[in-house]
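This report describes a single protein chain for a reader who is new to structural analysis. Please keep the sequence and the three-dimensional view at hand while reading.

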Amino acid sequence: MLRDELPPEKGQQSFSLLSRILRSIDGCKLEIVLDDKPEEDKIKVVDIYDKVSERFPLYSWREPVKGRVVVTPTGSSYSHQGVVVELIGVASTFREVESRVVFLRQERQFEPDTLNQSTPFEFIFSAPKEHESYHGIYAKVKYCVQATVKQRIKSASVKEEVWVHRVDAALSESQPDASAHMNYFRETCFGPESIAMNVGVDNVLHIEFRYDKKIFHLAERVLGKVEYKVADMDIAYGEVGLVRKEFLAPGQAGETMESETLQKFEVMDGTPIVEEVVPIRLYLKSVPRLTPTYMNVENLFSVRYFLNLVLVSQEGKRYFKQQEIQLYRRTGQERPATSSSPGPPVKPASGDVDTKGGWSA
C-alpha cells in the first residue's frame, strides 16, 4: 500500500531524557520533570489536524502522574505569590466552533515564598483518567500537567501533555482472545458469534459477507469470507478496508460525521465464479493509529469503526457495504499495539462510505 510521507515531528522544543519542558521566563525558569518517564519510552502520536507528529509520556488510566516542578531564579532571588500544579483533562471538538469540556482537574498548591536557589515542588495526581487520549480529525482528548507561578502583574506558566491508555477490564474478562486459539488461521471455522450479511445488487450480484465476531481487541485479527451466490456482473476488483468515523454531537440535532480509511487491501481480482469463497484476514495490529471505540465522550463526540467491503465493476462503478465492529484495549496492551510507524490517513474515494449501512453505487 502506497503512503505519503509522514507528518514532520514537532521539534520547536528541546526535550531532555527525563521528559522535561524548559522555558525561560522573566525572573525564573520553569521545568516540569515527570518521574520514571525517560525520553525513549515516549509514544509517538500523529496529529492529523495539525499535520505533525509528537512524542508524549505514556500512562495507564490508573497510573499516578507524579514528578516535580523546578523553579530556578534567573537572578539572585525570586519572589512569587504561590505555585499551582494541575492535572487537567479536556475533551474538545473544533470543526466549525470549538466546544470544550474539562472533565478532570486535580491540583496541588504551594504557599508564597522567596527563592534564592533552584527549588523543586513535588506533586502526585492519583485520580483515575476516565477517557483514553485521542487526536482525531475534529476531536481530541488531552491530558496536561500545568504549572503556574503566580505574580501580581503577570503569572508564569508551563505545561506538558501526557498520553493515556485505558484498558477495558470488563471486555478483557468477558471476551475470548481468538489469537490464543489453534484455529486462529482457519477462515472456514466460524462459531456461534459469527455475523453474516446477505447483500445484492438487483439480480446480477448476490453475496454473503461473513466474519467471525463483532468485538475485537487492538492486536487481534478479523477473520472472514465472501461467498458469491450470483455473479452476473463484470467485476474488476474487490477490496476490504477499515474505516474510522468521528461523530460530532452524537444523537443531537447538529450531529455531523467525518470518516477516514485507515487501511485497505485487495481481496479479489476479476469476476468471481458462483459459489467461490474469498477468505479475508485483517490483522488489526498492522493498522496505523488504531484506537478503541469511543461510544460517547462527554456528549461531544463518538469514534466508531466499520469494515468496508467495496466491489468495483469494469465500468468503474463502486458497490460497497459496511458493518460496524467494536474495538477495545485488552489487559496487557497498555503499551502501543504496534511498533510500526503510524501512517497518514487514506481518505475514502468518492462514494466509498455508505452512512446508511446498505449497498450503494
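## Terms and basis of the model

Two strands are said to pair if DSSP finds at least two bridges between them. Strands (E, at least two residues) and helices (H or I, at least four residues) are DSSP runs, numbered from the N terminus.

The model is predicted: local features need pLDDT of at least 70, side-chain atom pairs count only at pLDDT 80 or more, and totals for chains, interfaces and linings use all residues. Residues are numbered from 1 along each chain as its sequence is written, and side-chain values use heavy atoms, with hydrogens and water left out.

## The chain as a whole

Of its 361 residues, 51% are buried; buried means under 20% relative accessible area, exposed over 50%, and partly exposed in between (1.4 Å probe, protein chains only).

Among contacts in the chain with a separation of 6 or more, 71% are between residues 24 or more positions apart. Contact here means heavy atoms within 4.5 Å.

## Strand pairing

Strand E2 (residues 28-34) and strand E6 (residues 65-73) run antiparallel and are joined by seven bridges. Within this pairing, Glu31 has Val70 in E6 as its bridge partner. Strand E2 is mostly covered, with six of its seven residues buried. Strands of a sheet pair through backbone hydrogen bonds, either parallel or antiparallel.

An open sheet is formed by four strands in the order E15-E16-E18-E21, with antiparallel pairing. Its edge strands are E15 (195-201) and E21 (277-283), each of which pairs on one side only. From one strand to the next, the twist averages 20°; the axes behind such angles are lines fitted to C-alpha atoms, for helices over the stretch in contact, and angles run from 0 to 180 degrees between N-to-C directions. Seven bridges connect strand E18 (residues 221-231) with E21, and Leu223 stands opposite Arg281 in E21.

Arg289 counts as buried because its relative accessibility is 14%.

Asn299 lies in the loop between E22 and strand E23 (301-313). Asn299 also has a positive phi, near 60°, in a residue other than glycine. With 52% relative accessibility, Asn299 counts as exposed.

## Aromatic rings and charges

The whole structure holds eight aromatic pairs. Rings of Phe, Tyr and Trp (its six-membered ring) pair if their centres lie within 6.5 Å; planes under 30 degrees apart count as stacked, over 60 as edge-to-face and the rest as tilted. The ring centres of Phe110 and Phe121 are 5.0 Å apart and the planes stand at 65°, so this pair is edge-to-face. Because Phe110 lies in strand E9 (residues 99-110) and Phe121 in strand E11 (residues 119-125), the pair ties together parts that are eleven residues apart in sequence. Both Phe110 and Phe121 are buried. The rings of Phe123 and Phe125 have centres 5.3 Å apart and planes at 25°, so that pair is stacked; Phe123 and Phe125 are buried. Ring pairs also link Tyr134, Tyr294 and Phe301 into a cluster.

A charge sits over a ring if NZ of Lys or CZ of Arg is within 6 Å of the ring centre and within 35 degrees of the ring normal. The charged end of Lys245 sits over the ring of Phe306, 4.3 Å from the ring centre. The charged end of Arg304 sits over the ring of Phe247, 4.7 Å from the centre of that ring.
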